[in-house]
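Here are my notes for your first look at this protein. Keep the picture open beside you and find each place as you read.

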Amino acid sequence: TIEEIRRLDRIFIAGRPVSAAARRQLEAPADLAADLETVHSDFARDGASVAGVHRISEYSQPMGEIMKAGKTVVNRDSERDPRTAELFDKVYGPSRELSYVAVPMLRGGEWVASLWCSHDRPRDWTDREVALLENIAERTWSAVESLRAFEKISDSEERYRGIVDQSVAGFAETDLSGRFTTVNGRFCEITGYGREELLDLTLFEITYPEDIVENKVKLDALL
């Protein structure tokens, strides 16, 4: 569920994979065209949070172009780095992001989320730290995408079950052994069995004897 995705986000943030990091967060631009990104939750050693909705254009445009290209941004001193110096007093200084690593996460080639790790003083990020953050971003985003896919499947199944339950026609599903896995109310009425009773039975136990062989042949053809 979406709550599980956000819980995964919080678990990841609490994990502190880079011990020197002052703050890190999973940021998800809701819509690049709308110029918005959302930080659902973050971790900071001083307790200060930047959770909320932010405009992407408020940050360094050169950095944004690098992120859109799917490349990691490494900034060792945001006050002196020419890509961020002009915005330091307005953006990076007040949030104490004096150095940072930002890893973009892509879907279909489009930048849709970021893993951001920052320090409250200039820092010479090592190749090992950057590689670690990139690895964490890849694994975290893969897990988030899997949860989203699962949620879509679950929603589809729930809608499907609703249609089946409300159908005026009898409906039943069995596994390949013939055991009932799904029955709707109308099917229960037709057969005279309760739902729980049917789920303990096989198709062959309620089939007319003369039809059993034919049904078994049809099931065998599915194997």
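1. Let us begin with a term: two residues are in contact when they have heavy atoms within 4.5 Å of each other. Please also keep in mind that this is a predicted model. Among contacts between residues at least 6 apart in sequence, 42% join residues that are at least 24 apart.

2. Now for the overall picture. The protein is built with seven helices and eight strands. It has 223 residues, and 38% of them count as buried. Its accessible surface comes to about 13000 Å², with 52% of that belonging to carbon and sulfur atoms.

3. Next, a residue to look up: is serine 99 buried or exposed? Serine 99 is buried, because its relative accessible area is 0%. You will find serine 99 in strand S5, which covers residues 99–107. Setting aside neighbours within four places in sequence, its contacts include Asn75, Arg76, Asp77 and Ser78, as well as Cys117, Ser118, His119 and Trp125.

4. Charged side chains come next. Side chains of opposite charge can pair when their charged atoms come close. In this model the count is nine salt bridges.

5. Which residue forms a salt bridge with aspartate 124? The partner is arginine 76, with the closest N and O atoms 2.7 Å apart. This pair links distant parts of the chain, 48 residues apart: aspartate 124 lies in the loop between strand S6 (110–119) and helix H4 (127–166), and arginine 76 in the loop between strand S4 (73–75) and helix H3 (88–92). Aspartate 124 counts as exposed at 57% relative accessibility, while arginine 76 is partly exposed at 38%.

6. Another pair to find is arginine 80 and aspartate 77, whose side chains meet in a salt bridge at 3.7 Å, N to O. Arginine 80 is exposed, with a relative accessible area of 70%, whereas aspartate 77 counts as buried at 18%. Aspartate 77 is also one of the contacts of serine 99.

7. Finally, have a look at Arg96, Asp120 and Arg121, which are linked in a network of salt bridges. Arg121 is among the contacts of serine 99 too.

Conventions: Residues are numbered from 1 along each chain as its sequence is written. This is a predicted model: local features need pLDDT of at least 70, side-chain atom pairs count only at pLDDT 80 or more; totals for chains, interfaces and linings use all residues. Side-chain values use heavy atoms; hydrogens and water are left out. Helices (H or I, at least four residues) and strands (E, at least two) are DSSP runs, numbered from the N terminus. Buried means under 20% relative accessible area, exposed over 50%, partly exposed in between (1.4 Å probe, protein chains only). Accessible areas come from the Shrake-Rupley method with a 1.4 Å probe; for residues, only the protein chains shown count as cover. A salt bridge is a side-chain nitrogen of Lys or Arg within 4 Å of a carboxyl oxygen of Asp or Glu.
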